[in-house]
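Colleague: Let's go through this model together, one piece at a time. Please put it up on the screen.

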Amino acid sequence: MKISVIGTGYVGLIQAVGLAEFGFNVVGIDIDETKVKQLNKGKCPLYEEGLEELLKKHINKNLTFTTSYEPIKDSDVIFLCVGTPQDRDGNADLRFLFSAVEKIKETISKDDYKVIVIKSTVPVGTNRKVKELLSEYNVDVVSNPEFLREGIAVYDFFNPERIVLGFENLKNKKPIKIMESIYYCFKEKNIPFVITNWETAELIKYASNAFLATKLSFINELAKLSDKVGADIKTVSYAMGLDPRIGNKFLNAGIGYGGSCFPKDVKALIKQFENNNIDPILIKATDKVNEEQIKWFFEKIKNYYGDLNGKVFAVLGLAFKPNTDDLRESRAIKLIDILLEEGTIVKGFDYVKKARENTINMYKFDKTKAFYGYNLYILDDLYETVKDVDGIIITVEYDRFNKEDWEKIANLVKEKVIFDGRNILNVEKIKKLGFRYHGVGR
Ligand code: UDX
């Protein structure tokens with residue numbers, strides 16, 4: 001079976017490389033020429049554990065990349081993995097998706113049978129629209145949402161919790177068989193396959209992300225009360241999680257969720273409700289709590305110091321979560337923006353080199369953020385970062401912070417104060433060294 005994957009961003013690249021590892025002949029298609037060149041040399045344009053090794057293993061064997069749509073002529077299955085960013089109103093912007101569909105139309109012949117699989121996160125109704133656009137062609141359209149977590153996306157690709165497949169007509173067994181043969185090794189491992197209609201498959205993706213986001217906003221909101229009344233949110237989460245109906249995952253309170261999925265998907269789901277004249281009360285609140293959380297945390301910092309002007313802070317963590325270079329909707333960056341606006345000096349650090357580089361580039365080249373080298377500094381060394389600061393702010397949940405030499409850190413800082421935005425530090429150890437510790441809800 002020959003497969004092409006359109007879009008070599010996060011989702012597409014992992015899909016292409018993963019399918020190559022399964023033994024399929026895969027062509028990845030992307031409009032970005034530089035990226036394609038880089039990929040054909042076995043160089044990964046994004047940081048994801050294990051991805052470059054797999055890319056190197058298959059490149060120029062059963063995996064190639066190109067800017068041309070020609071290879072789709074020979075493909076049995078075409079995966080659409082283009083980005084669906086947020087538009088100004090919060091809707092998913094489907095421009096890239098529809099432009100890829102147009103290119104497919106220009107390239108394939110009307111008689112050749114093809115399965116077109118939509119992996120991009122798309123609002124309910126999109127698969128139906130794509131089929132309409134291709135109504136004159138001999139194609140089946142399949143919805144196959146992804147559930148990859150950044151940082152462990154390669155692991156997630158090979159160890160999915162479920163495979164969701166949405167079809168136009170469940171009586172038409174042809175595309176179902178083709179999709180099952182692509183993912184046959186998951187069948188062998190008894191991973192659940194959810195075979196359903198387009199709309200259900202599309203909604204499963206949004207429902208899963210919005211539910212997880214709601215869990216986070218719930219615990220984050222509770223953390224504010226915990227803070228006021230002297231409860232410990234970590235113990236609350238732990239005890240709640242002992243009830244298997246609640247589960248212990250995704251209950252770590254902090255400064256909110258970020259990333260390329262949760263914020264955008266929650267907003268896009270809200271729009272889908274509104275477009276159907278339903279007021280999504282709960283999901284709107286999830287979004288609002290998340291937006292407010294960082295401001296609440298900042299107020300905590302401000303209340304402690306009174307005047308922030310001229311204060312120097314070490315912000316430990318730049319990306320939206322550990323082990324990634326992805327700054328999209330990063331809470332750390334949001335906090336840095338607020339701190340800079342308040343006239344503070346920020347020294348930022350992240351363990352991931354590319355996260356540091358991306359931060360520098362973002363602040364250097366974005367005119368609205370032209371702070372770099374003036375009152376924002378990104379450093380390559382954690383100890384350099386904490387030197388002479390008025391406070392340390394933890395913004396990403398790296399366990400590694402606990403393995404650092406905190407005695408050394410205590411000697412380097414100007415004032416021994418920590419704002420742990422992820423409740424990740426060993427509080428007893430830190431307090432013994434004379435630090436004043438401020439967590440989230442504890
Ligand atoms: C998420 C979903 O997990 C994944 O299934 C989907 O396909 C894409 O969106 P990802 O964006 O990689 O994946 O991030 P995830 O690991 O889920 O974390 C999202 C955010 O929530 C991060 O900012 C993280 O710091 C935060 N988080 C997570 C918490 O604040 N507390 C937690 O307990 C867990």
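This is a predicted model: local features need pLDDT of at least 70, side-chain atom pairs count only at pLDDT 80 or more; totals for chains, interfaces and linings use all residues.

Colleague: Is Thr84 buried or exposed?
Modeller: We count other C-beta atoms, placed from the backbone, within 10 Å of the residue's own: 20 or more is buried, 12 or fewer is exposed, and in between is partly exposed. Thr84 has 24 such neighbours, so it counts as buried.

Colleague: Which residues does Thr84 touch, leaving out those up to four places away in sequence?
Modeller: Touching here means contact: the C-beta atoms of the two residues, placed from the backbone, lie within 7 Å. Go through the list for Thr84 and you get Ala92, Asp93, Leu94, Leu97, Ser120, Thr121 and Val122.

Colleague: Thr84 is in a UniProt "binding site" annotation. How far apart are the farthest two C-alpha atoms of that set?
Modeller: The UniProt annotation (unreviewed entry) covers Asp30, Lys35, Thr84, Thr121, Glu150, Lys264 and Arg328. UniProt positions are given in the numbering used here, feature names are shortened, and annotations may be inferred rather than shown by experiment. The set spans 299 residues in sequence and does not all gather at one spot, because the farthest two C-alpha atoms are 24.7 Å apart.

Colleague: What about Lys35: which residues does it touch, leaving out those up to four places away in sequence?
Modeller: Lys35 is part of helix H2 (residues 33–40). With 19 C-beta neighbours inside 10 Å, it counts as partly exposed. The residues touching Lys35 are Thr8, Asp30 and Pro45.

Colleague: Where does UniProt place the "active site", and is that residue buried or exposed?
Modeller: The record (unreviewed entry) puts the feature at Cys261. You'll find Cys261 in the loop between helix H10 (233–241) and helix H11 (262–275). It has 24 other C-beta atoms within 10 Å, so Cys261 is buried.

Colleague: And Asn252, what is it in contact with beyond four places in sequence?
Modeller: Asn252 is in the loop between H10 and H11. It has 18 other C-beta atoms within 10 Å, so it is partly exposed. Its contacts are Ser237, Glu397 and Asn423.

Colleague: Which residues around the ligand are the closest?
Modeller: A residue is near a molecule if its C-beta atom, placed from the backbone, lies within 6 Å of it. That gives 20 residues around the ligand, and the closest are Glu150, Asn252, Tyr257, Gly259 and Cys261.

Colleague: How many nonpolar, polar and charged residues are in that shell?
Modeller: Sort them like this: Ala, Val, Leu, Ile, Met, Phe, Trp, Tyr, Cys and Pro count as nonpolar, Asp, Glu, Lys and Arg as charged, and the others, Gly among them, as polar. The shell then has ten nonpolar, five polar and five charged residues.

Colleague: Which helix gives the largest share of the shell?
Modeller: The shell draws at least three residues from each of domain 1 (2–191) and domain 2 (212–438), with domain bounds that come from an automatic or database domain assignment. The largest share is three residues, and these come from helix H9 (residues 198–229).

Colleague: Last one: what is the radius of gyration of the chain?
Modeller: The chain has 17 helices and 14 strands. The radius is taken over C-alpha atoms, and the globule rule is 2.2 Å times the number of residues to the power 0.38. For 442 residues the rule gives 22 Å, and the chain comes close to that, so it is as compact as a globular protein of that length, with a radius of gyration of 24 Å.

Conventions
Residues are numbered from 1 along each chain as its sequence is written. Helices (H or I, at least four residues) and strands (E, at least two) are DSSP runs, numbered from the N terminus.
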